[in-house]
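Biologist: Could you walk me through this model while I have it open in the viewer? I'd like to go feature by feature and ask as we go.

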Amino acid sequence: MALLVLGTPVSGAPAANEPAAVIRLNSVGYLPDAAKTALIAAACQRYAIENCRTGQIAMQGEVHPADATPANGQPLWRADFSELTEPGLYRFVVDDVGRSAPFSVSVGVYNRPFFAAMRGMTLWRCGVAVRDDSTGEEFHHAACHLGDGLLDYVDPSRAGARLDGAGGWHDAGDYNKYVVNGAFTVGMMLHAWLQFEDRLTTLELHLPDGQPDLPDVLEEAKWEIDWLLKMQAADGRVYHKLSTLQFGGFVMPEEETEPRYYAPWGSAATADLVAVAALASRVYRPYDAAFADRCLAAARLSDRWLQDHPNDHRPDQSAFHTGGYDAPDGDDRLWADAELWAATGDPRSLQALQHRLQHSRRAVADDWDWGDLANLGVYAYLTSDRADRDPHLVDSLQRELIASADRLVQRSQRHPYDRTLGDRYYWGCNGTLARQTMTLQLAHRLTGDGTYQATAQGTLAYLFGRNPYGRSFVTGVGAKPPRFPHDRRSGGDDVAAPWPGYLVGGPWPAGTDWRDEQADYRTNEIAINWNGALIYALAPFVEPASFAADTAPLPPPTEPPTQSTESESDSRNG
Ligand code: 9MR
Ligand code: 9MR
Ligand code: ZN
């Protein structure tokens, strides 16, 4: 059956694809001093904002046709309610259209989303039992993949032999583990730490095993770093992945017992290990000097291997039909040189880095993901306070970075839903939107211009409901979040709700092509590199003073969740 929702055909089971909400806003809420806008996909003239607790009208005003027309041509009306700064819980009310789900105005509005995204990483842990009841439902699985992994494809003469590669995070909706994506994700999280450390040090994430000396954000990242270090061979080369040969079924991870194998080494994975281990040596040194030393030694060992093997070496993955994460290694080597230099001041790394930067056609990419992560190297270079940088290069890279941020701002301003990608959509583009806030935040740091931070908040608004669906793209967070992500745990357990805290990949090839269906791995899977980006995007807006209160466990749901109780009247939908 095809439902006609606001001119957009929606296919699939109606239960899996709720009608789009007509009033589209950041359903998580807004910081008190933030710009606040809502989009309404129906002709209207005025809006009111009701205080949910008192029932009083807190504010009202006129709506105006949105000047930018969305790709699907559907007209939108825009309400600017930035003047609403009084903390509280509110609802948008539009005569003849309906009411929005409740949203809050509060300094702590991004605390629970940040907590959820971090818990999502903890729940991705492999090799241990995990458990979570922070949303009132109980999610759990037993220790999994303890046999990781077999060496058959690394060295046929050792077929059947095992090497300890237990631990780390599962990659996504599948249970495999890929070095490039793992290192990339940790890289984004540790850069969030370096930029916004003052907001993150005291946060309590209720981690299972507890290393009291380590801030929880770092403790979670260390879980993955410990695994990445296991993927390094004694000579410094790094195995590309640890995976089954075929994608498994929708069972819990402990029930996936097919053999898992190391893939051969690759130079991109090796460079990413250098980068993340060097970065970790810097970040963890104040808390755990022995771990920092271990990381630095690992980075140097793999760096030596790379110098002896200067060509792009792609892993032979021909036996595998799981995720490839295979792309040229130039960007990975650039990131490695940057982090090794930032950690040690090593002049050879600096020279290699500057050479690469000078010879890049465009050093700062507007739009980037795991296959082109050189921006992380640029950020490391630009944020370092080492004295030996080439001042001309610093100057030109700063200009490039600001120019890139300006393009993101322009695209966002021209796009009705504030997308810094404009109308570009592809696999994982929700993750890219979150990741693009890294450039915005660094431009803010370099210039002090608040427009960049406002644009970054516009991205969060899109991800949490100011989008053509009027729905949050993060499981368990905000209004009408995804219910059927392509996630084997969510599909394989007995809990109706999906595992919480995960950003889904998002619509493509068009902006209205997202399907909240388990089978749709192209738009509705979850992945660590999207969550890592979301963690970065949220970090600058975390409010440590109210974090504990804002993230207190929720009571179990009293009634099974029903559709659209919180949403506007459905008179215009379907
Ligand atoms: O379930 C797999 C998902 O985790 C991957 O991201 C995706 C793309 O690599 O592939 C999915 O597996 C599908 C396979 O590629 C083709 N047959 C259907 C599988 C979905 O269950
Ligand atoms: O995020 C990856 C995306 O950039 C690629 O286009 C896509 C197809 O190769 O694969 C995505 O990564 C998937 C990985 O291959 C397997 N685990 C799930 C990942 C997210 O769908
Ligand atoms: Zn596992």
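Biologist: Where is the kink in H2 centred?
Modeller: The kink in H2 is centred on Leu194 and comes to about 65 degrees, where the bend at a residue is the angle between axes fitted to the seven residues ending there and the seven starting there. Helices here are DSSP runs of H or I with at least four residues, strands are runs of E with at least two, and both are numbered from the N terminus. Please keep in mind that this is a predicted model, in which local features need pLDDT of at least 70 and side-chain atom pairs count only at pLDDT 80 or more, while totals for chains, interfaces and linings use all residues. Residues are numbered from 1 along each chain as its sequence is written, chains are lettered from A and ligands numbered from 1 in the order in which they are written, and side-chain values use heavy atoms, with hydrogens and water left out.

Biologist: What does H2 span between its end C-alpha atoms?
Modeller: Helix H2, residues 179-200, spans only 26 Å between its end C-alpha atoms, whereas a straight helix of 22 residues would span 32 Å at 1.5 Å a residue; that expected span is 1.5 Å times one less than the number of residues.

Biologist: And how many residues of H2 are buried?
Modeller: In H2, 18 of the 22 residues are buried, so the helix is largely enclosed by the rest of the structure. Buried means under 20% relative accessible area, exposed means over 50%, and partly exposed is in between, using a 1.4 Å probe and protein chains only.

Biologist: Switching to the ligands, which residues surround ligand 1?
Modeller: Ligand 1 has Asp174, Phe247, Trp427, His486, Arg488, Tyr521 and Glu525 around it, a residue being near if one of its heavy atoms lies within 4 Å. By class, that shell holds three nonpolar, one polar and three charged residues, with Ala, Val, Leu, Ile, Met, Phe, Trp, Tyr, Cys and Pro counted as nonpolar, Asp, Glu, Lys and Arg as charged, and the others, Gly among them, as polar.

Biologist: Which polar side-chain atoms lie at 2.6 Å from an oxygen of ligand 1?
Modeller: That distance belongs to a polar side-chain atom of Arg488. Oxygen atoms of ligand 1 are also found 2.7 Å from a side-chain N or O atom of His486 and 2.5 Å from one of Glu525. Taken alone, ligand 1 exposes 450 Å², and the protein buries 59% of that, with areas from the Shrake-Rupley method and a 1.4 Å probe; for residues, only the protein chains shown count as cover.

Biologist: What is around ligand 2?
Modeller: The residues around ligand 2 are Asp171, Ala172, Asp174, Tyr178, Gly323, Tyr325, Trp370, Trp427, Glu525 and Trp530, and by class they comprise six nonpolar, one polar and three charged residues. A nitrogen atom of ligand 2 sits 2.7 Å from a side-chain N or O atom of Asp174, while oxygen atoms of the ligand are 3.0 Å from side-chain N or O atoms of Trp370 and of Trp427. Ligand 2, taken alone, exposes 450 Å², of which the protein buries 77%.

Biologist: Now the backbone; which residues does the cis peptide bond with omega of about 5 degrees join?
Modeller: That cis bond joins Trp508 and Pro509, and Pro509 lies in the loop between H12 and H13. Another cis peptide bond joins Asp148 and Gly149, with omega about -15 degrees, and Gly149 lies in the loop between strand E14 (139-141) and strand E15 (177-178).

Biologist: What about phi at His145?
Modeller: His145 has a positive phi of about 50 degrees although it is not a glycine; this residue is in the loop between E14 and E15 and is buried at 8% relative accessible area.

Notes. A polar contact is a pair of N or O atoms within 3.5 Å; within protein, one must be able to donate a hydrogen and the other to accept it, and residues adjacent in sequence count only if both atoms are side-chain atoms.
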